[in-house]
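Here are my notes on the model you sent over.

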Amino acid sequence: MSGTARRKVLLDTDPGVGIPGTDADDPIALLLALAHPALELVAVTTTFGNCPPDLAARCAGAVLAAAGRTDIPVAVGSPVPLSGELPPLLATQYAGTRGRPGRIPLPELDDVAVDMDAADLIIRTVRANPGEVTLIAIGGHTNLATALGRDPGIASLIAAIVFMGGALGLDATYGRGNITPVAECNIWNDPEAARLVFRSGIDLTMVSLDVTNPATGLVLTDEMLRGIDPGASRVAPLLLDICSTYLETPMFAWAGHSGCVLYDPLAVAIAADPAVGELQAMAVDVETRGELTIGQTVPVRDAPPNLRACVDVDGPVVVRSMLETILTL
Ligand code: RIB
Ligand code: CA
C-alpha cells in the first residue's frame with residue numbers, strides 16, 4: 001500500500017481474551033485491523049456482548065499491548081442496551097465466568113481507557129476526520145446509536161459502517177440465527193439500536209451469519225492453529241492462547257466442526273477490501289418487538305436498498321490471508 005492512503009477505521013468491539021465461553025473472533029478482528037496494510041486503526045470502543053464493556057476494554061488493552069500499539073485510544077461503552085435493561089441471559093452470564101478475567105492476564109482499566117465514553121470517542125473521532133472514518137461494528141450497535149442520538153450531525157460525516165451481525169436466511173443451516181432460531185446475537189443484544197443504524201441512511205455493509213459459518217469455510221481450523229509458530233510474530237503466543245481458551249469452551253458448538261469461526265474478522269477484511277466478498281444491495285430491517293422474533297433481520301420487499309449484504313465468500317482463502325496478515329505484526 002505504499003503511496004496509498006490507508007482507510008481510517010474505528011473498531012467497536014466486544015472482545016473476550018482468555019475468558020471461557022467467549023468467542024475468539026473479536027481479538028482476532030482487532031489484530032487484523034492493526035495489521036492490515038489498507039487500514040489505519042484510529043480508535044477502539046467497547047460494547048457489551050461476549051463480556052461487559054469495561055472488561056472488554058481491558059481485553060482490547062491486552063491485544064494492543066501485545067501488538068505494541070497502546071497509543072490507540074480505547075473507550076468503554078454502555079453496559080446496557082438503549083432499553084436500559086441488559087437481557088437476563090447476559091446478566092446471568094456476566095455474574096459468572098463471562099464477567100471476570102480468565103487465565104490470560106489483563107491490564108487494569110485505568111491503564112487502558114480514555115476519560116470519555118465510547119459514544120463520545122466515536123463523535124470526537126468522526127468530527128476530527130470528517131468523511132474519512134469507517135466504523136467497523138462487531139458487537140451490538142448501542143454505542144453507534146448512542147453517538148448518532150447525541151450528535152445526529154455525524155451521520156453525514158461517517159464514511160461507512162461495516163458490521164458483523166444478523167442472519168438473512170440465505171444459508172439454510174446457518175443463516176437463521178444463533179442466539180435464537182431467528183436472531184443473531186449482535187443484533188439481538190440491542191435491536192432498537194440496530195434498527196436506528198439500519199435506518200440511518202449511512203453507507204452500510206452487512207456481514208451476517210449467512211457467510212460467517214463453517215459452510216463457507218470461514219474457520220480458523222485446529223490444523224491451521226497447530227501450524228502457527230509461536231515465534232513467528234510478537235502476537236502469535238496471545239493468538240494461540242485466545243484460540244485455545246475458546247476451543248475448550250466454545251460459545252456456539254457447531255456440530256461436526258472444530259476451530260474458530262471468524263465472524264468479526266470478515267467485517268474487518270471487507271472494510272479493507274470490499275472485493276473480499278460478493279456484495280448484494282438489499283433492503284433489510286430489524287424486528288424490535290416480536291415475542292418470538294425480536295432481533296431478527298428481515299429482508300423487506302419493494303423497498304429501496306439500505307445496505308449491501310455479503311452473500312458469498314471463499315472462506316478458506318480469506319482465512320489463510322487473514323492469518324498471514326496478522327502474523328506480520
Ligand atoms: O454472532 C456472532 C457475533 O457474536 C460475533 O460478533 C461474535 O463475537 C459473537 O459473540
Ligand atoms: Ca463480536
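1. In which sense do strand β2 (residues 39-46) and β3 pair, and over how many bridges? This is a predicted model, and in it the two strands pair in the parallel sense, with three bridges between them. If you want one pair to click on, take T46, whose bridge partner in β3 is V76.

2. Zooming out to the sheet: eight strands make it up, in the order β3-β2-β1-β4-β5-β6-β12-β9. The sheet is open and its pairing is mixed. At the edges sit β3 (74-76) and β9 (277-282), each of which pairs on one side only. On average, neighbouring strands of this sheet are turned by 25 degrees against each other, direction ignored.

3. Now the helices on the β2 side of things. α1 lies across β1 and β2 and runs at about 150 degrees to β2. Helix α4 (residues 118-128) also packs on the sheet, where it touches β1, β2, β3, β4 (133-137) and β5 (158-164). The direction of α4 makes about 155 degrees with that of β2.

4. Have a look at β4 next. Five of its five residues are buried, so β4 is largely enclosed by the rest of the structure. V133, L135 and A137 point one way from the strand, while T134 and I136 point the other way, and all are buried.

5. β4 has partners to go with that. With β1 it pairs in the parallel sense over five bridges, and L10 has L135 of β4 as its bridge partner.

6. Which protein atoms hold the calcium ion (ligand 2)? The donors are D14 (OD), D26 (OD), D26 (OD), I138 (O) and D264 (OD), at 2.3 to 2.7 Å from the ion. Along the chain they follow the spacing D-x11-D-x111-I-x125-D. The site links distant parts of the chain: D14 is in the loop between β1 (7-13) and α1 (25-35), and D264 is in helix α10 (residues 263-272), 250 residues apart. Both D14 and D264 are buried.

7. C185 counts as buried because its relative accessibility is 13%, against a cut-off of under 20%. C260 is in no disulfide either, with the sulfur of C243 as the nearest one at 3.8 Å; a disulfide would need the two sulfurs within 2.5 Å. C260 is buried as well, with a relative accessible area of 2%.

8. One backbone detail to flag. Phi of D302 is near 55 degrees, which is a positive value in a residue other than glycine. Where is D302 placed? In the loop between β11 (297-299) and β12 (307-313). D302 is exposed, with a relative accessible area of 84%.

Terms used
Residues are numbered from 1 along each chain as its sequence is written. Chains are lettered from A and ligands numbered from 1 in the order in which they are written. This is a predicted model: local features need pLDDT of at least 70, side-chain atom pairs count only at pLDDT 80 or more; totals for chains, interfaces and linings use all residues. Side-chain values use heavy atoms; hydrogens and water are left out. Helices (H or I, at least four residues) and strands (E, at least two) are DSSP runs, numbered from the N terminus. Buried means under 20% relative accessible area, exposed over 50%, partly exposed in between (1.4 Å probe, protein chains only). Donors are N, O and S atoms within 2.8 Å of the metal (3.2 Å for Na, K and Ca); water is not among the atoms, so sites may look incomplete. Two strands pair if DSSP finds at least two bridges between them. Axes are lines fitted to C-alpha atoms, for helices over the stretch in contact, and angles run from 0 to 180 degrees between N-to-C directions. Contact means heavy atoms within 4.5 Å.
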